[in-house]
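Work through the exercises below with the sequence and the model side by side. Try each task before reading its solution.

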Amino acid sequence: MLLGRLRGLMFAWHTTRRKLSSSQPGAASPFGSWRCEGCGGDLAWEPFLWLREAKVGFSHSQITRLYSRFTSLDKGENGTLSREDFQRIPELAINPLGDRIINAFFPEGEDQVNFRGFMRTLAHFRPIEDNEKSKDQNGPEPLNSRSNKLHFAFRLYDLDKDDKISRDELLQVLRMMVGVNISDEQLGSIADRTIQEADQDGDSAISFAEFVKVLEKVDVEQKMSIRFLH
Amino acid sequence: VVNLLGISITVLFTLLLVFIIVPAIFGVSFGIRKVYMKTLLKIFQWATLRIERGAKEKNHPLYKPYVNGIIAKEPTSLEEEIKEIRRSGSGKALDTPEFELSDIFYFCRKGIETIMDDEVTKRFSAEELESWNLLSRTNYNFQYISLRLTVLWGLGVLIRYCFLLPLRIALAFTGISLLVTGTTVVGYLPNGRCKEFLSKHVHLMCYRICVRALTAIITYHDRENRPRNGGICVANHTSPIDVIILASDGYYAMVGQIHGGLMGVIQRAMVKACPHVWFERSEVRDRHLVAKRLTEHVQDKSKLPILIFPEGTCINNTSVMMFKKGSFEIGATVYPVAIKYDPQFGDAFWNSSKYGMVTYLLRMMTSWAIVCSVWYLPPMTRQPEEDAVQFANRVKSAIARQGGLVDLLWDGGLKREKVKDTFKEEQQKLYSKMIVGN
């Protein structure tokens, strides 16, 4: 009883000092028991059960680390990230496709992403473990399957989300990747050639199935996976 | 009761005078601070062990911060990576430049890697500690603290806030007022050797008192390389305390912008006793004017070495960021100094976007101590074949190597500003070469 009280005192002292020094009330502390505004409820110290339910698949320590990262990016301290929060990362800002990648985090029409959404997107990049490869097909496909990784890349090309990569969309993405260094004509012919090689049903656009066919030999599992050090 | 209070205050003041101020004036030390530091270390180790035990009992993994990053990053270039992806995809010849749909995997993965863990943004917030130092501000594992530890923490709070804080504030007050009055008085003397001698000792004495006001335990290495007249001293920047630390061991001319308020009073008093280089706010933007004044100062061999922090902003002492080339263009001998703080006893980093100056100083004065090591590196001069930027990078690498810090090319200004578009354009250019060749 006494111990609990003393401990509570220490925690209260700490959060009061943080609240006094931070500009916004209700600043979330990532450790101990805390309120996760973005995921709509109290997050107990027990491993993030709801993340497990969503089959995100990260280990407990990885989730804690990524939550720490999430809160350090969240400058407004309101439990969600905006596009500006992402653009503040210099190495992402200099990535030619930085804006497209940032866009992948935000669901349709929204401009705030909470921790759950953040983790769902990052879950695509978990390495595929051996024991997962032979899982039965009854459950929903894990987010980091080969097909879902390819779908993530497909969505980077597919600007209007109509499940097809048209010539215009390919041109726009190419323009983002090369900047001003290549002329319109050259870029146009590159786009034409790519579509010609990939297109099988003659609609001058690349569907997801055609996309998968073109990349069937690429080692997607390795190239679209990020390994944790611990 | 009033008598008792009067007596205790007198006793306190005499103790203060004898044990702290008098040694500061003469530059000697009783070694009290070193003993204090050793005792604290033992307590911290014990505290960490208890927390680990607490966590093990509950069968929970403990949160341990990893300073070297949380994900594995390959140090390969854009070209190599994209070639790798293409190689696994098709059997076509790799030498012909062309576009593949799979190229996007490179940018995609690199982007997500930087979202999970990037090299730059983590330098602008305080370093995380591996063991707990009995300050609630650095504790990430509240649940595992036993009764004994909580009591110890409470004791720590009492000592820090009720004993150390008033003591330190009294010392700081003494130090600053002595500095202002001392330099003003010395300023009235006629120019000559007497004035220089007095000025030097007034400065040193006051900085030493300030060092004790922060309970800073500093270890100076290689003091034979200390900066000489006509040189420029450059160091990595972590907090405004760096100035106090360096200036308590050497006599420097400061460079900076004139502020208002208390800082302004101190600056104006200091410049009466010896020629510091203060700029008005409007003059700071004029780079030529700044360079001219610095060059004039440096060429006068009777003037003191200049102290400059080329990073331009406070970095969290885990890395050294880009040095601005201004001070390296002047052509004087550069004396690099590496400062490394031990964050166990109190984190000296000033996160200016989070804390104002007063909050920062309060945090400093309620930490256990400020422990740091200062290395004076051998002087460097610009070689004929290198330009100012290369020289700056060379000095930066030397400082990073000595201090055990990560050497980054990123600009510390990224704390507040957006990154320049030229970096993105470089990436785009590199990639264009891969699709259409030169």
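At 38% relative accessibility, Asp192(A) counts as partly exposed (buried means under 20% relative accessible area, exposed over 50%, partly exposed in between, with a 1.4 Å probe and protein chains only). This is a predicted model, in which local features need pLDDT of at least 70 and side-chain atom pairs count only at pLDDT 80 or more, while totals for chains, interfaces and linings use all residues. Residues are numbered from 1 along each chain as its sequence is written, chains are lettered from A in the order in which they are written, and side-chain values use heavy atoms, without hydrogens and water.

**Exercise 1. Find the salt-bridge partner of Asp192(A) and say which parts the pair ties together.**

Step 1. Apply the rule: a side-chain nitrogen of Lys or Arg within 4 Å of a carboxyl oxygen of Asp or Glu.

Step 2. Asp192(A) lies in helix 11 (residues 184-198) of chain A and Arg167(A) in helix 10 (residues 167-178), so the pair ties together parts 25 residues apart in sequence. Helices (H or I, at least four residues) and strands (E, at least two) are DSSP runs, numbered from the N terminus.

**Exercise 2. Take the salt bridges Arg123(B)–Glu119(B) and Lys396(B)–Asp407(B). Which residues are buried, and which partly exposed?**

Step 1. Start with Arg123(B) and Glu119(B), whose closest N and O atoms are 2.8 Å apart. Arg123(B) is buried at 5%. Glu119(B) is partly exposed at 26%.

Step 2. Turn to Lys396(B) and Asp407(B), which meet at 2.7 Å, N to O. Lys396(B) sits in helix 12 (residues 388-403) of chain B and Asp407(B) in strand 9 (residues 406-407), 11 residues apart. Lys396(B) is buried at 1%, and Asp407(B) is partly exposed at 36%.

Step 3. Look for shared partners. Salt bridges join Arg193(A), Glu197(A) and Glu98(B) into one network. Over all chains the count is 25 salt bridges.

**Exercise 3. Describe the interface of chain A and chain B.**

Step 1. Count contacts (heavy atoms within 4.5 Å). On chain A, 72 residues touch 71 residues of chain B.

Step 2. Get the buried area, meaning the accessible area (1.4 Å probe) that two parts lose on being put together, summed over both. The two chains bury about 6900 Å², 70% of it on carbon and sulfur atoms.

Step 3. List the charged pairs. The rule finds 3 salt bridges across this interface. Lys223(A) and Glu84(B) meet in a salt bridge at 3.4 Å, N to O.

Step 4. Find the main contributor. Helix 1 (residues 2-21) of chain A gives the largest share of chain A's side, 10 residues.

**Exercise 4. Where does Ser102(B) lie, and is Ser102(B) buried or exposed?**

Step 1. Locate Ser102(B): the loop between helix 3 (78-89) and helix 4 of chain B.

Step 2. Read its relative accessible area. At 2%, Ser102(B) is buried.

Step 3. List what Ser102(B) touches, not counting residues up to four places away in sequence. These are Leu215(A), Val218(A) and Ile85(B).

**Exercise 5. Summarise chain B as a whole.**

Step 1. Count elements: 13 helices and 9 strands.

Step 2. Take the box of its C-alpha atoms along the principal axes: roughly 95 × 65 × 35 Å.

Step 3. Of the 438 residues in chain B, 51% are buried.
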